[in-house]
Amino acid sequence: YGIKTAERFGYEIAAAGGLVVSGLAHGIDTAGARGALKAGGRVLGVLGTAIDVVYPAENRDIFRRVTERGALISEYPPGAVTRPGNFPVRNRILSGLSVGVTVIEAPEKSGALITAARALEQGRDVFAVPGNVDAPSCVGSNGLLKEGAEAVTSGLEIIAGYLPRFPDKLKNITGLSLKEVSLKASESPESRELLVADVKTRPRKKEIDKRESADYIDIAAYRRELSEKEGKVFDALTSPEMQVDDITAACGLKAGEVLSALTLLEIKGLVKQSAGKRFTLIK
């Protein structure tokens, strides 16, 4: 159930233009990546091993295909010894690089639950797939639903929630109008009206690779798209080439939170990093 569901979710998310971030572990991680690759989409693999280690070994072909369609990243240099503790630690990177984390299936004690916890700390969305109430493999994921995670039964449901936020990056492949998709992604009548209005009025983003050459960038429009922590770091970047310690002192966040936010701001094309881990806001 978990393998089939993960592959379908990966396929649907990638087909709609989403980027699948996976730990490429045996089982559900690999299935989600495989589905995304089948759809011709992109995958970002975040490894808990050195960058030159294929683990599990049977994933060699998946690793190769991911490098062709996306990227493999690791905080461990070539030749580093693989330790069991590496895998739960790397989960903070998985969640930090994502706008949302989906738990397909998870027992009571699971690495997926660690990722969900990191996601909540980082201000990310958390989704969970309902599972068999009698299955030990679903105890953790069903528990997330009781704690407030959003229940989803398809990758397209997840995409629907982000269509208004990323209209230039995601494709509506549901057959519904954008307004209908927005209504389905909303829970209350009040938020439905706000969401539909937001789709009509929100400024469309320029492509990241055009930002530095543009004559004018509406920084305020980009600022409104950021999470709370990203916004604090964004606002703290008042001088060119600021160091992490200075940014941390200015925004009042923990160093790990600042680094996570800086990574996301770099990915969004709002911040550039120079030698010595110095960061500058791109205007």
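Lys 272 stands opposite Thr 280 in strand E9. E9 spans residues 278–281 and pairs with E8 in the antiparallel sense over four bridges. Pairing here requires at least two DSSP bridges between two strands. Strands (E, at least two residues) and helices (H or I, at least four) are DSSP runs, numbered from the N terminus. The model is predicted: local features need pLDDT of at least 70, side-chain atom pairs count only at pLDDT 80 or more, and totals for chains, interfaces and linings use all residues. Residues are numbered from 1 along each chain as its sequence is written, and side-chain values use heavy atoms, with hydrogens and water left out.

The open sheet has three strands in the order E7-E9-E8, with antiparallel pairing. E7 (242–243) and E8 (271–274) stand at the edges with a single partner strand each, so one side of each is left without a neighbour in the sheet.

Helix H1 (residues 2–15) packs with helix H2 (residues 28–38) at an angle of about 35°, and their axes are 6 Å apart. Axes are lines fitted to C-alpha atoms, for helices over the stretch in contact; angles run from 0 to 180 degrees between N-to-C directions. The crossing of H1 past H2 is right-handed (near helix turned clockwise from the far one by less than a right angle). Contact (heavy atoms within 4.5 Å) involves Gly 2, Ile 3, Ala 6, Glu 7, Gly 10, Tyr 11 and Ala 14 of H1. Their counterparts in H2 are Ile 28, Ala 31, Gly 32, Arg 34, Gly 35, Ala 36 and Lys 38. By class, this contact has seven nonpolar, four polar and three charged residues. Ala, Val, Leu, Ile, Met, Phe, Trp, Tyr, Cys and Pro count as nonpolar; Asp, Glu, Lys and Arg as charged; the others, Gly among them, as polar.

A cavity is a set of points where a 1.4 Å probe fits but cannot get out; a pocket is an open set with protein on both sides within 12 Å along at least five of seven lines; lining residues have an atom within 4 Å of a point. Points are joined across faces, edges and corners, and volume is the space filled by probe spheres set on them.

The second largest pocket holds about 490 Å³. Among its 19 lining residues, Arg 92, Gln 122, Gly 256, Leu 259 and Ser 260 are the closest to its centre. H13 supplies the largest share of this lining, seven residues.

The largest cavity has a volume of about 70 Å³. H13 gives the most to its lining, with four residues.

How values were computed
On a 1 Å grid over the protein atoms alone, a cavity is a set of points where a 1.4 Å probe fits but cannot get out, and a pocket is an open set with protein on both sides within 12 Å along at least five of seven lines; lining residues have an atom within 4 Å of a point.
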